[in-house]
Amino acid sequence: MKIRKIAGALGAELSGLDLAAGLTDEQAADVRRALLDHQVIFIKDQKLTAAQYLAFGQAMGKPIEYPFVRGLQGYPTIIEVKKLEHETLNFGGIWHSDTTYLQEPPMGSMLLSREIPPYGGDTMFANQYLAYEALSETMRGLLDGLVGINSSAQADVSKTREDRMRTDGPGAAPKDYVAEHPVVRTHPETGRKALYVNVAHTVGIKGMRPEESAPLLRFLFDHQVKPEFTCRFTWTPDTIAFWDNRCTQHNPVNDYHGFRRVMHRITLKGERPA
């Protein structure tokens, strides 16, 4: 396996892997180490069946079901993330960490490109270790110990999620989820601290009035995604992106109106942030 960094802040392409043939335990450990080192990894030219894709997900962690969209027939832990030709808003089209409104948010997520537009549709990623470390010592001291309030209702800023819930939802009335997590979390494997609020899901700070928390959160939301903390990935067919949800945010760029973009997503079980 070879590793090539794609940006200074985070992100690396892995080559020399044939995921259709499966991974040895040693190869799987190498891929996980690359994820921890680079926060998001990309593996190109992987023509996988749903079963082969799921096997890769299982080699990386424990795939879990997404609460708002039902999975593929026979593969409940693989969902379609799609924007259709007539739609102008995209699924999750805002900077965010995945499902931080759950008590145990995922450790990571992966996308496999099935259909991509002729141009556009890149995905941006932001390193939340760097975002935390770039803050002043005084600001870090202020944030350590604060608890953020996260809500799934806030995710409705991305209306395409509602479209998917109507067409691909599990059938029952959607439930609103609320969870409290540290504003600064410690990564359970690397021991590094990362900012863990996001504009899509974080609605307040525990113990603060809204007028007190709003200016602080606005500052953090802007700070977290400064260009020097980010990378931008241009998709090609049959590519996997796999990111560590505990220390990154991502944002799919919505610049391909009139074209179809279809990805298959696997979400991996995480732990309660601390």
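This is a predicted model: local features need pLDDT of at least 70, side-chain atom pairs count only at pLDDT 80 or more; totals for chains, interfaces and linings use all residues.
Strand E5 covers residues 78–83 and is joined by six bridges to strand E16, residues 261–268, with the two running antiparallel. Two strands are said to pair if DSSP finds at least two bridges between them. Helices (H or I, at least four residues) and strands (E, at least two) are DSSP runs, numbered from the N terminus. Five of the six residues of E5 are buried, so the strand is largely enclosed by the rest of the structure. Here, buried means under 20% relative accessible area, exposed over 50%, and partly exposed in between (1.4 Å probe, protein chains only).

Now turn to helix H2, residues 50–60. Its buried residues are Ala 50, Tyr 53, Leu 54, Phe 56, Gly 57 and Met 60. Looking down the axis of H2, you would find these buried residues within an arc of 155°, so they line one face of the helix. That arc is taken from the directions from the helix axis to the C-beta atoms.

Next come two loops with a backbone feature to check. Most residues other than glycine have a negative phi. Gln 39, however, has a positive phi near 70°. Gln 39 sits in the loop between helix H1 (25–38) and strand E3 (40–43), and counts as buried because its relative accessibility is 3%. Asp 238 also has a positive phi, near 60°. Its place is the loop between strand E13 (230–233) and strand E14 (240–244), and at 15% relative accessibility Asp 238 counts as buried.

Finally, how many disulfides does a search of the whole structure find? The search finds zero. A disulfide is a covalent bond between the sulfur atoms of two cysteines, and the cut-off used here is a pair of cysteine sulfur atoms within 2.5 Å. For Cys 231, the closest cysteine sulfur is in Cys 247, 12 Å away, so it is too far for a bond. Cys 231 is buried, with a relative accessible area of 3%, and Cys 247 counts as buried at 1% relative accessibility.

Terms used. Residues are numbered from 1 along each chain as its sequence is written. Side-chain values use heavy atoms; hydrogens and water are left out.
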